[in-house]
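Dear colleague,

Please find below the structure that I am handing over to you. I would be grateful if you could look at it alongside the notes that come after it.

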Amino acid sequence: MSRGKVKFLRILGNIVICATVVAVLALSVNVRDTKVAAQGRQPIYSGKSATKVSLMVNVYWGTEYIQPMLDIFDRYGFKTTFFVGGSWVVGSPDTLKKIADAGHEIGNHGYYHKDHKKLDAAYNRKEIGSAHDAVKGVLGIDMKLFAPPSGSFGETALAVAEELGYRSIMWTRDTIDWRDHDSNLIYKRAVKNIKGGDLILMHPTDSTVKALDNIIQTIVEAGLKVAPVSEVLESDMV
């Protein structure tokens, strides 16, 4: 074999070795990243309280049903959390003020009800940040709880929310009142096997208003109280 051919084979061998090393390293990084994602951030699905539950209300529409809901909560002396959309806030600042003036907690529900799982970091930051600014412009407060629209989130959305000072909130049980306009069904979904720490999702609808009084009565009969999400997240133990 000629000297030139031997030299060529040596070079080729080195190239193959280098390529193999790079491939192994890339595989190692990919496996590590997958493991990190699997062990990454998670939203909160329930609280630690043994005596309190929250009837969390997500708001982008149904403004006409909010005052009746406030009246029912007031009748029982209970406060809860309203997660509001930024675009709704801009169109209904007076209603937002009524909610806050009644003593209820205000949470962030994004600005345009986007699918946050599909948004990159910059778009997530814009959606959450714009909603934050809209509420702060009306109430002068900094919200601390973020409920992803449609319950859609990814690692990026959770990371951005955390970066902006938010805890991401999901739900323990869903009344699905936006779809099923049946007050009896809404009631059953809200209270079946209810326990302390539950986060119960609802919206301002006519059927929800009709079910709300019975829902709260059943909660009281179970020895529980309705409270803002931030209180339900905390343990009753001192």
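Residues are numbered from 1 along each chain as its sequence is written, and side-chain values use heavy atoms, with hydrogens and water left out.

Confidence is expressed as pLDDT (the predictor's confidence in each residue, from 0 to 100). The protein chain has an average pLDDT of 89, and 83% of the residues score at least 70. Over residues 18-39, however, the pLDDT is below 50, and this stretch has zero contacts in the model beyond near neighbours in sequence; a contact means heavy atoms within 4.5 Å. Where pLDDT is low, the predicted coordinates should not be read in detail.

Three aromatic pairs are found in a search of the whole structure. Rings of Phe, Tyr and Trp (its six-membered ring) pair if their centres lie within 6.5 Å; planes under 30 degrees apart count as stacked, over 60 as edge-to-face and the rest as tilted. The ring planes of Phe73 and Phe82 stand at 80°, with centres 6.5 Å apart, so this pair is edge-to-face. Tyr111 and Tyr112 also form an edge-to-face pair, at 4.7 Å centre to centre and 80° between the planes.

For accessibility, buried means under 20% relative accessible area, exposed over 50% and partly exposed in between (1.4 Å probe, protein chains only). Phe73 and Phe82 are both buried. Tyr111 is buried at 16%, whereas Tyr112 is exposed at 54%.

Ser150 lies in the loop between strand 4 (145-146) and helix 6 (155-163), and Asn193 in the loop between helix 7 (183-191) and strand 7 (199-202). Helices (H or I, at least four residues) and strands (E, at least two) are DSSP runs, numbered from the N terminus. Ser150 is exposed at 61% relative accessibility, and Asn193 is exposed at 62%.

Finally, Asp180 belongs to the loop between strand 6 (173-174) and helix 7 and is buried, at 18% relative accessibility. Not counting residues up to four places away in sequence, Asp180 touches Leu185, Ile186 and Arg189. The side chains of Asp180 and Arg179 are joined by a polar contact of 3.0 Å (a pair of N or O atoms within 3.5 Å; within protein, one must be able to donate a hydrogen and the other to accept it, and residues adjacent in sequence count only if both atoms are side-chain atoms).

With kind regards
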